[in-house]
Amino acid sequence: MDTAQDTGTRRTVKLLIVDDSNIVRRRIERSQQFDDLEVVGTAANGIEALELARRTDPDLVTMDLTMPQMDGIECITQLVRLKPEVRILVISALADKATAVEAMERGANGFLNKPFTDRQLNEAIAELMY
Amino acid sequence: MLLSGADRNRRLLTAAAGILLAAVMGLVLIVGFRLATQIRASVGTLQQASELEAYPSAISEQLTALRQRLDTLEYTGHVHGELDSSVRGFNRDFTVLEHQKGLDPAAMHAATALWGNYTPVLAKVLSYHGEPYSDTATNSSLSRSGRVYYAHVRRAELFAQANAAALHGELALVSASLQARTAAAASRLRWLLSGGVLAVLLLGLAAAYLQVARGRGERAARDAQDQTRDILATVREGLFLLDADYRIGAVWSQALTSMFGRSDFAGLTFEELLRDKVPPETLNTAMKFIKLLWGERAHENLMKSINPLGQLEVSMDNGRGGKETRYLQFDFHRVMGPKGVKHVLCAVGDITSSVLLARELHEAQENAHSQLDMMVGMLHSDPLQLGSFLDSASAGLKHVNAILKEPARTHAEFSKKLAGLARELHSMKGEASALNLMSIAQRVHHLEDMLAELKGRSELTGNDFLPLVLKLDELLAHLRGVREMTLKLSSLREQPDSPEGTISAPALRSATAGPEELTATLQSLARKLAQDHGKDFTLALTGLAQCPPAYLGTLKDCLIQMLRNAAVHGIEADEVRRAGAKNGGGQVRVEFRRVESGYELTFEDDGAGLSPEALKEAAVRKNLLSEEQAAQLDNRAALALIFKPGFSTRNEVSMDAGRGAGMDVVARAVYGLGGRIGVSTNPGRYTRFKIALPAVDETAVA
């Protein structure tokens with residue numbers, strides 16, 4: 001990270017993955033192909049996500065919408081309040097466009113529909129990283 | 001609109017030409033005026049100069065005339081006067097001339113000097129006042145003063161004779177210079193006027209050209225406007241621009257009129273456009289989305305992917321007082337200006353026909369699937385069984401209808417109604433799936449879902465049952481279809497020359513289904529259940545032949561339910577059985593026999609058995625019992641819970657069990673025949689149901 005800062009070109013982007021499915025979390029973690037992306041944490045629900053966000057100060061968060069305890073919409077709302085500059089990529093099976101619009105209004109920056117291909121994931125992340 | 005750049009340039013050019021023209025004309029006029037003034041002054045001066053030129057010789061002649069008159073002693077007064085006025089005139093005119101600019105200075109100087117010499121000489125002559133002659137009676141002669149006067153006149157005459165030519169020459173030079181100057185000014189004026197006329201001509205040409213060009217530009221703009229109007233009138237999409245206040249712009253395509261049934265779009269807000277046509281939540285989402293379009297996070301692709309108006313269902317007045325459902329597709333494109341999003345271009349398409357077509361296709365596909373499904377089911381089952389199923393299903397639905405028609409007001413009455421419906425449907429589903437008629441079983445399952453949903457409500461009204469009635473109608477229609485197809489199939493099967501083996505064709509037997517069909521049905525259901533639930537078990541049936549026909553229908557219903565319960569709840573999965581040291585597949589044993597008091601049916605499976613504690617817990621969870629009540633129940637009473645309406649130990653619902661209606665139906669059926677039912681179990685080893693039925697009045701049967 002120091003070297004990255006010394007070169008002055010790009011800083012490591014810190015990624016937090018939020019999804020209640022272990023399989024999806026691992027999938028995102030493995031499929032992303034960015035050298036300068038560091039996964040700083042994974043959370044299974046909104047409460048965990050906020051806790052981790054406080055500790056790890058992520059730049060980018062991938063967010064599921066339907067999760068137990070605290071859902072994605074509420075989590076986005078609080079996350080944006082906590083860290084206004086964080087970029088949020090919603091990754092969800094968005095059958096309902098109204099939910100997508102709602103998430104967007106609360107402060108999400110991008111959307112990726114489940115199921116997704118590796119390429120779609122990387123493109124969506126790239127769009128939010130740079 | 002497209003020409004605005006070129007048009008603006010042309011306008012600027014025209015204005016510049018106009019200003020230039022005015023400036024040139026002004027300049028020409030001012031300079032010309034000054035030149036003309038100058039020329040007029042010069043001409044005046046020139047006249048004076050020419051007049052002055054005559055004075056020297058006139059003065060000289062007047063002096064000579066004066067001297068001759070003095071010689072001849074004639075009267076001199078008037079000549080003296082003329083001389084005086086000549087000198088005064090010269091003095092006056094010369095003074096004026098001296099003040100003129102641009103005269104030949106050398107000549108002027110010389111003339112001034114010469115005139116300076118004239119002045120004292122002439123002054124002596126003109127200062128004489130008196131009588132030059134002294135008269136006697138006979139003779140006149142010059143008086144003394146006359147002689148002095150004569151001498152002055154003589155000297156002046158000589159001086160004038162000597163100098164008149166010189167003075168005249170100098171004055172002529174002055175005059176010539178003045179003339180040259182006037183000529184130059186006139187020439188300048190001529191050039192100026194020529195230049196002015198030329199400039200005016202050129203500018204006039206330029207203005208004319210620009211005018212023509214502007215006319216052409218205007219025509220092009222008008223053409224473009226016409227074309228835009230034609231496009232907007234012809235295009236089949238509704239096109240309009242939204243401004244930052246979400247208002248529709250002044251330009252919009254004609255297609256909107258038919259889409260929205262109005263024509264006052266200009267200035268209308270997007271919200272007003274959709275209000276009354278979509279539900280409030282949809283409108284709310286739509287407005288949120290529109291708002292997001294103006295934000296910086298809104299990338300075109302992202303917004304496209306979350307566009308909630310991609311297939312918007314709107315309800316429109318159809319012009320005949322009714323409502324009509326249409327499907328509109330909204331596309332949004334942001335129009336960027338120098339300061340971010342300037343407008344949002346909305347393109348609306350009416351996709352009603354394609355949506356309906358897609359739906360029809362889907363329905364047709366579903367229909368084809370279910371028909372195929374039904375055919376397969378029917379090909380695998382006996383037509384007589386099918387017939388008896390259809391009969392009992394129709395009877396069941398009649399019963400359902402009767403239940404639906406029963407008046408109900410209180411919650412308890414509604415609940416009772418629901419429970420009755422649930423029982424009827426559940427047994428219908430059991431029979432349908434036993435015959436592999438999945439299309440019917442699924443429909444009934446769907447109805448059960450609706451019932452379960454109603455059951456969960458705290459308040460019920462008669463209206464809540466309406467969707468149920470609609471679904472029932474659908475089911476009835478479906479059953480009619482099945483019946484028709486059954487008839488076709490059986491006619492196929494009856495054809496004598498149909499090749500053997502192509503269709504399994506059990507011979508037509510007695511009109512009512514007998515014990516053999518029941519055996520076949522149960523075996524087929526057992527195989528299906530084993531396959532569906534991944535269980536391995538065999539079904540052993542004995543003594544069914546002894547069953548009196550009057551009990552056969554009920555017996556069938558009961559056995560189907562119990563078999564399903566055994567397959568789902570009783571028989572364990574293979575790995576569980578192995579772990580419990582049970583050998584191989586499960587066994588379900590059914591025995592029907594005559595006993596002294598009538599008949600006895602034993603139904604036994606060597607599965608997990610029933611746990612009284614688990615039954616109690618389930619009953620409490622389902623609010624069938626309070627915890628205190630449950631605690632007081634002994635094992636026997638706990639086992640009897642299984643016959644309570646609405647009881648089931650499984651949480652999830654599957655096609656075959658889990659509704660909690662299974663043993664309830666059986667018990668009711670048994671009670672209906674005046675029989676009794678009992679259950680005994682050994683946890684981990686078996687569950688055994690015993691049903692006792694009274695003897696049948698043989699005469700009644702016969």
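Visitor: A crossing is left-handed if the near helix is turned anticlockwise from the far one by less than a right angle, and right-handed if clockwise. Left-handed or right-handed: how does α15(B) pass α20(B)?

Guide: α15(B) passes α20(B) in a left-handed crossing. Helices here are DSSP runs of H or I with at least four residues, strands are runs of E with at least two, and both are numbered from the N terminus. Mind that this is a predicted model: local features need pLDDT of at least 70 and side-chain atom pairs pLDDT 80 or more, while totals for chains, interfaces and linings use all residues. Residues count from 1 along each chain as its sequence is written, with chains lettered from A and ligands numbered from 1 in the order written.

Visitor: What's the angle between α15 and α20 of chain B?

Guide: About 155°, with the axes 9 Å apart. Axes are lines fitted to C-alpha atoms over the stretch in contact, and angles run from 0 to 180 degrees between N-to-C directions. That makes the two helices, α15(B) and α20(B), roughly antiparallel (over 145 degrees; under 35 is roughly parallel, 65 to 115 roughly perpendicular, the rest oblique).

Visitor: Which residues of α15(B) and α20(B) meet?

Guide: Among them, T554(B), D557(B) and C558(B) from α15(B), and G662(B), M663(B) and V665(B) from α20(B). Contact means C-beta atoms, placed from the backbone, within 7 Å. By class, the contact of α15(B) with α20(B) has seven nonpolar, four polar and two charged residues. Ala, Val, Leu, Ile, Met, Phe, Trp, Tyr, Cys and Pro count as nonpolar, Asp, Glu, Lys and Arg as charged, and the others, Gly among them, as polar.

Visitor: Over to chain A. How do α3 and α4 pack?

Guide: α3 (46–56) and α4 (72–82) of chain A pack at about 20°, axes 9 Å apart. α3(A) and α4(A) are therefore roughly parallel. Their crossing is right-handed. α3(A) brings G46(A), A49(A), L50(A), A53(A) and R54(A) to the contact.

Visitor: How many residues does each chain put into the A–B contact?

Guide: Nine from chain A and eleven from chain B. α5(A) gives the most on the chain A side, with six residues. That side of chain A divides into five nonpolar, two polar and two charged.

Visitor: Where's the kink in α4(B) centred?

Guide: On N163(B), with a kink of about 45°. The bend is the angle between axes fitted to the seven residues ending there and the seven starting there.

Technical notes: Contact = placed C-beta atoms within 7 Å.
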